[in-house]
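Good morning, and thank you for coming.

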Amino acid sequence: MRKHPILIFLAVLALLVGSAVAYIQSAAFATQVKRIMAKYVPKNLGITSDFSNLSIQVFPPGVGIVNPRIEVADRNAANLPPGTKIEAERMELSFRPLQILSGRVSIHQVKIVNGKVRTSLVASPSESRRRRGVGFSWQDLFEIQAERVDLENTAVDLDLPTLKSRARFNARSVEIEKV
């Protein structure tokens, strides 16, 4: 009987890839990721977060975060308004396929499903107010941008300080895109 080494190789490769994906989507892997983040990610990024599990998306490439809880400080790497809080059943971050070749994390789409978002619309700080000097900051290395935000079945609490008003609404399906 003649053996088919290519079929055996493909079967072993499929088994290894399937096992790796199953482990990455497990609670044990999420616990290890949280531990590594607590140890190595700088605290001065201005974003605190917690989650229960991760999932991998193949196309478009991305990461799904199960039960995320995010709070944003006054100064943060994502340039979000201070005091922003996000809680959701699921948050999906989609990336462009070749974005890894660039120097910045460019998230193509952030999708929040079955959640609560509390934020405000404030004028962004101007570049002239940024600290200039010799000092080194982690925020100079990490610049996070999202081109599109989708909300599905999400309660939104939006503070509008320039208008001295507040808006509360439930977003069944809202897409916000950077132009």
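I shall begin with the overall fold and then turn to individual residues.

Please keep in mind throughout that this is a predicted model. The protein contains three helices and nine strands. The protein has 179 residues, and 27% of them count as buried. Its accessible surface amounts to about 13,000 Å², with 61% of that belonging to carbon and sulfur atoms. As for contacts between residues at least 6 apart in sequence, 57% join residues at least 24 apart.

Let us move to helix α1, which covers residues 5–24. Leucine 7 lies in this helix, and it counts as exposed because its relative accessibility is 55%, where the cut-off for exposed is over 50%. Leucine 7 also belongs to a nonpolar patch on the surface, together with Ile6, Phe9, Leu10, Leu13, Val17 and Val21. The accessible area of these residues together is about 670 Å².

Next, the aromatic rings. A pair of such rings is described by the distance of the centres and the angle of the planes. How many aromatic pairs are counted here? The count comes to one. The partners are tyrosine 23 and phenylalanine 29, whose ring centres are 5.5 Å apart. Their planes stand at 70°, so the pair is edge-to-face; the cut-off for that class is over 60 degrees. Tyrosine 23 is partly exposed, at 38% relative accessible area, and phenylalanine 29 is likewise partly exposed, at 21%.

I now come to charged side chains. Side chains of opposite charge can pair when their charged atoms come close. Across the whole structure, eight salt bridges are found. One of them joins lysine 34 and aspartate 50, at 3.4 Å from N to O. Lysine 34 lies in helix α2, residues 27–40, and aspartate 50 in strand β1, residues 47–50, so this pair ties together parts that are 16 residues apart in sequence. Both residues are partly exposed, lysine 34 at 30% and aspartate 50 at 26%. Lys34 and Asp50 are also linked with Arg69 in a network of salt bridges.

Lysine 111 is in strand β6, residues 105–120, and glutamate 152 is in strand β8, so the pair links distant parts of the chain, 41 residues apart. Glutamate 152 is partly exposed, at 27%.

The salt bridge between glutamate 92 and arginine 90 has an N to O distance of 2.6 Å. Is glutamate 92 buried or exposed? Glutamate 92 is buried, because its relative accessible area is 16% and the cut-off for buried is under 20%. Arginine 90, by contrast, is partly exposed at 29%.

Finally, a word on the backbone. Most residues other than glycine have a negative phi. Asparagine 153, although not a glycine, has a positive phi of about 50°. This asparagine is found in strand β8, residues 148–160, and is partly exposed, at 46% relative accessibility. Lysine 164 also has a positive phi, near 50°. Lysine 164 is found in the loop between β8 and β9, and it is exposed, with a relative accessible area of 78%.

Thank you for your attention.

Methods
Residues are numbered from 1 along each chain as its sequence is written. This is a predicted model: local features need pLDDT of at least 70, side-chain atom pairs count only at pLDDT 80 or more; totals for chains, interfaces and linings use all residues. Side-chain values use heavy atoms; hydrogens and water are left out. Patches are made of residues with over 30% relative accessible area and no salt bridge: like charges are joined within 9 Å, nonpolar side chains (Val, Leu, Ile, Met, Phe, Trp, Tyr) within 5 Å. Accessible areas come from the Shrake-Rupley method with a 1.4 Å probe; for residues, only the protein chains shown count as cover. A salt bridge is a side-chain nitrogen of Lys or Arg within 4 Å of a carboxyl oxygen of Asp or Glu. Helices (H or I, at least four residues) and strands (E, at least two) are DSSP runs, numbered from the N terminus. Buried means under 20% relative accessible area, exposed over 50%, partly exposed in between (1.4 Å probe, protein chains only). Rings of Phe, Tyr and Trp (its six-membered ring) pair if their centres lie within 6.5 Å; planes under 30 degrees apart count as stacked, over 60 as edge-to-face and the rest as tilted. Contact means heavy atoms within 4.5 Å.
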